[in-house]
Amino acid sequence: MSDSGETPDEPVTVVVADDQSAVREGLVLLLGTLAGITVAGQAADGNAAVDLVASTRPQVVLMDLNMPGCDGVTATARITAEHPDTRVVVLTTYADDESIIGALQAGALGYLTKDATRAEIGRAIQAAAAGQAVLDPGVQRRLLSAAAARPAAAPAASAPTGSAAGPASGGASGEDDLTPREAEVLRLIAAGQSNREIARTLFVSEATVKTHVNRIFAKTGSRDRVQAMRYAYTHGYADPN
């Protein structure tokens, strides 16, 4: 599964799921103007989206949340469970904590609101196809705020503030402790940086960053960048400012 930012040789195939026909058709037209993306089909509800994914095997689903019958969160959970090679990017009007957390827990790899620009939607789709998470900046702020207010995060945050390996003194086993460099990379992942951006920030090669990311995934039990972000928020690594 690629974690690089390289553009694939073949177009990324996308299914658009939205119950509002005008919005859905508009998104199909918009995606048709983006290089490197092709629309494999469109669905008016969650059940239709799941069926369409089964028949077309797209790389990405652009998923609305509020749909009749099978909603977007339920459809996302089914798709990620039944078709793990297909990534889900949520594109919705809603940016409340319940919608965001529900979608991410269901397996969505990206989360955008419907005021996202054409370029932002295109980048999120390409990133998801490469296995990278893209979250709307407002969504990231809400997650950080929710994590900072969560009482369960307090023990992890009680580590010395000067320590880069924040939760190491919180009782984690030694083999699971992040090194100072891994902790820094995790903070940058939580800030939404890609591997390429992290490499520039830390003045290291992208291959080195990828090695750190893989070790972080293994140590934190994260399947992807979204899960690593959640780990960072709940274990005191992410900067809430």
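This report describes the fold, the strand pairing, the core and a few local features of a predicted model.

## Basis of the model

The structure is a predicted model, in which local features need pLDDT of at least 70 and side-chain atom pairs count only at pLDDT 80 or more, while totals for chains, interfaces and linings use all residues. Residues are numbered from 1 along each chain as its sequence is written, and side-chain values use heavy atoms, with hydrogens and water left out.

## Overall composition

The chain has 241 residues, of which 45% count as buried. Buried means under 20% relative accessible area, exposed means over 50%, and partly exposed lies in between (1.4 Å probe, protein chains only). There are 11 helices and 6 strands in the chain. Helices (H or I, at least four residues) and strands (E, at least two) are DSSP runs, numbered from the N terminus.

The accessible surface of the chain comes to about 11200 Å², and carbon and sulfur atoms hold 51% of it. Accessible areas come from the Shrake-Rupley method with a 1.4 Å probe, and for residues only the protein chains shown count as cover. Among contacts with a separation of 6 or more, 66% are between residues 24 or more positions apart. A contact means heavy atoms within 4.5 Å.

The 6 strands form an open sheet with parallel pairing, in the order 2-1-3-4-5-6. Strand 2 (37-43) and strand 6 (134-135) stand at the edges with a single partner strand each, so one side of each has no neighbour in the sheet. Two strands pair if DSSP finds at least two bridges between them.

Strand 1 (residues 12-17) pairs with strand 3 in the parallel sense over 4 bridges, and Val-15 stands opposite Val-61 in strand 3. Strand 3 is also joined to strand 4 by 4 bridges, and these two strands run parallel. Here Val-60 has Arg-87 of strand 4 as its bridge partner. On strand 4 there is also a parallel pairing with strand 5 (residues 110-113) over 4 bridges, where Val-90 has Tyr-111 as its bridge partner.

## Strand 4 and its crossovers

In strand 4 (residues 87-92), 6 of the 6 residues are buried, so the strand is largely enclosed by the rest of the structure. Arg-87, Val-89 and Leu-91 point one way from strand 4, whereas Val-88, Val-90 and Thr-92 point the other way. In a regular strand, side chains alternate between the two faces of the sheet.

Strand 3, helix 3 (residues 72-82) and strand 4 make a right-handed β-α-β unit. From strand 4 the chain crosses through helix 4 (residues 97-106) to strand 5, again in a right-handed β-α-β crossover. A crossover is right-handed if, with the strands pointing away from the viewer, the path from the first strand over the helix to the second runs clockwise. The buried residues of helix 4 are Ser-99, Ile-100, Gly-102, Ala-103, Leu-104 and Ala-106. Just after helix 4, Gly-107 has a positive phi of about 115 degrees.

## Nonpolar core

The largest nonpolar core holds 65 residues, and those with the most contacts inside it are Leu-31, Leu-62, Met-63, Ile-121 and Ile-125. Such a core is a set of buried Ala, Val, Leu, Ile, Met, Phe, Trp, Tyr and Cys residues joined through side-chain atoms within 4.5 Å. Leaving aside residues up to four places away in sequence, Ile-125 touches Val-12, Val-14, Leu-31, Ile-37, Val-60 and Leu-62.

## Aromatic pair

The structure holds 1 aromatic pair. The rings of Tyr-231 and Tyr-237 have centres 6.2 Å apart and planes at 25 degrees, so the pair is stacked. Rings of Phe, Tyr and Trp (its six-membered ring) pair if their centres lie within 6.5 Å; planes under 30 degrees apart count as stacked, over 60 as edge-to-face and the rest as tilted. Both Tyr-231 and Tyr-237 are buried.

## Loop residues with positive phi

Most residues other than glycine have a negative phi. Arg-57 has a phi near 50 degrees and lies in the loop between helix 2 (46-56) and strand 3 (60-63). Arg-57 is exposed, at 56% relative accessible area. Phe-203 has a phi near 60 degrees and lies in the loop between helix 9 (195-202) and helix 10 (206-220). Phe-203 counts as exposed, at 77% relative accessibility.
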